[in-house]
Amino acid sequence: MRLLAVLAGCALAVAATAQPYPSKPLKIVVGYPPGGSGDFLTRLAADEMGRDLGVAVVVENKPGAGGNIAHEFVARSPNDGYTILNTTHMAINRAMYPSLTYDPDKDFATVGRIATGPTIICVNNNVPLRDLKELMAYAKANPGKLFHASAGYGSAPHLASVLFESVAGIKFTHVQFKGGGPATQSLLAGDTQVNFATAPTVMGFIRAGRVRALAVSSREASPAIPGIPGAEQAGLPGYDFTFWFGLFVPAGTPPAAIQRLHAALGKGLAKQEVRDKIALQGMDATPSPSPAAFEAEVRAEAPYWEKLVKDSGAKVE
């Protein structure tokens, strides 16, 4: 009887200390500095998820190496559902970097997509190029003379420019920065002349007349970015580039925690005011129907991104 009483007491103690998830603040890590689309969407997701989860969701920027610093940090974090990664196509990093310290397929579990959008092809106001055709004509006649501000090797803007060069048959001189914010600042300062920028990075400057937008990188114009033509309309048929941002957690995170995070994200993205905020930044809220559906999409499109990197010849030693 005494043994049964002890065991019953232990069971009650365990039940008393067990707490529902989440019971403490969460952290979303993003591999880019403040000012870019990744940072904007991370903070928006953190605010909305925090409201639904009932705990603080803090944002930690870990820029550098095309997002790899953030990827490795989250891959090595405890798989308890309290550390989350917001990133884009990790297949790009696998193709760009020959010796990753993590495995994009094995070290992460998917939570859900946040938003999708094109980049915006824009130039410094002092550059006398008024449309995409003039940009391509000048670049063909003057290979390498236009300096392109890149958000870093392997970033979506970098790959958007690489694909553009391939389709248009031109060549820029790439200047690498640790994110879209610093790249845009170099464009504003006139240190670089061209930028393939994520919309949140440059929309404010475009509206203020401080940067000239020539086209979006998708084939058709984006409803979220009115007044800027799609690549085909602007004079470059065959060019089409869009990207997404989504949430991941370390592999082995409990399925119940993943589902709870997915539900909180989806609830936030279903709000019209949240969708409007994302649209104002030139992107569309595109939540995944489930973590499994997002994983299937990520795996299905990986060969496309790896081929794009391979065909471009872009690599980081």
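Phe241 is buried, at a relative accessible area of 1%. Here, buried denotes under 20% relative accessible area, exposed over 50%, and partly exposed in between (1.4 Å probe, protein chains only). The model is predicted: local features need pLDDT of at least 70, side-chain atom pairs count only at pLDDT 80 or more, and totals for chains, interfaces and linings use all residues. Residues are numbered from 1 along each chain as its sequence is written, and side-chain values use heavy atoms, with hydrogens and water left out.

The structure holds 13 aromatic pairs. Rings of Phe, Tyr and Trp (its six-membered ring) pair if their centres lie within 6.5 Å; planes under 30 degrees apart count as stacked, over 60 as edge-to-face and the rest as tilted. Phe164 and Tyr239 form an edge-to-face pair, with 5.4 Å between centres and 85 degrees between planes. This pair links distant parts of the chain, 75 residues apart. Phe164 belongs to helix 6 (residues 156-168), and Tyr239 to the loop between helix 9 (231-234) and strand 9 (242-250). Helices (H or I, at least four residues) and strands (E, at least two) are DSSP runs, numbered from the N terminus. Phe164 is buried at 0% relative accessible area. Tyr239 is buried at 0%. Phe241 and Trp305 also pair edge-to-face, at 5.3 Å centre to centre and 85 degrees between the planes. Phe241 lies in the loop between helix 9 and strand 9 and Trp305 in helix 12 (residues 291-312), so this pair ties together parts 64 residues apart in sequence. Trp305 is buried, at 4%. Ring pairs also join Tyr102, Phe108, Trp244, Phe248 and Phe294 into a cluster.

Ser37 is placed in helix 2 (residues 37-53). Its relative accessible area is 3%, so Ser37 is buried. Beyond its neighbours within four places in sequence, Ser37 is in contact (heavy atoms within 4.5 Å) with residues including Pro200, Thr201 and Phe243.

In helix 8 (residues 199-207), the buried residues include Pro200, Thr201 and Ile206. The buried residues of helix 8 pack against elements including helix 2, strand 4 (108-124) and strand 8 (211-216). Gly209 follows helix 8 and has a positive phi, near 75 degrees.

Strand 8 is largely enclosed by the rest of the structure, because 5 of its 6 residues are buried. Strand 4 and strand 8 pair in the antiparallel sense over 5 bridges; pairing requires at least two DSSP bridges between two strands. Val123 has Arg212 of strand 8 as its bridge partner.
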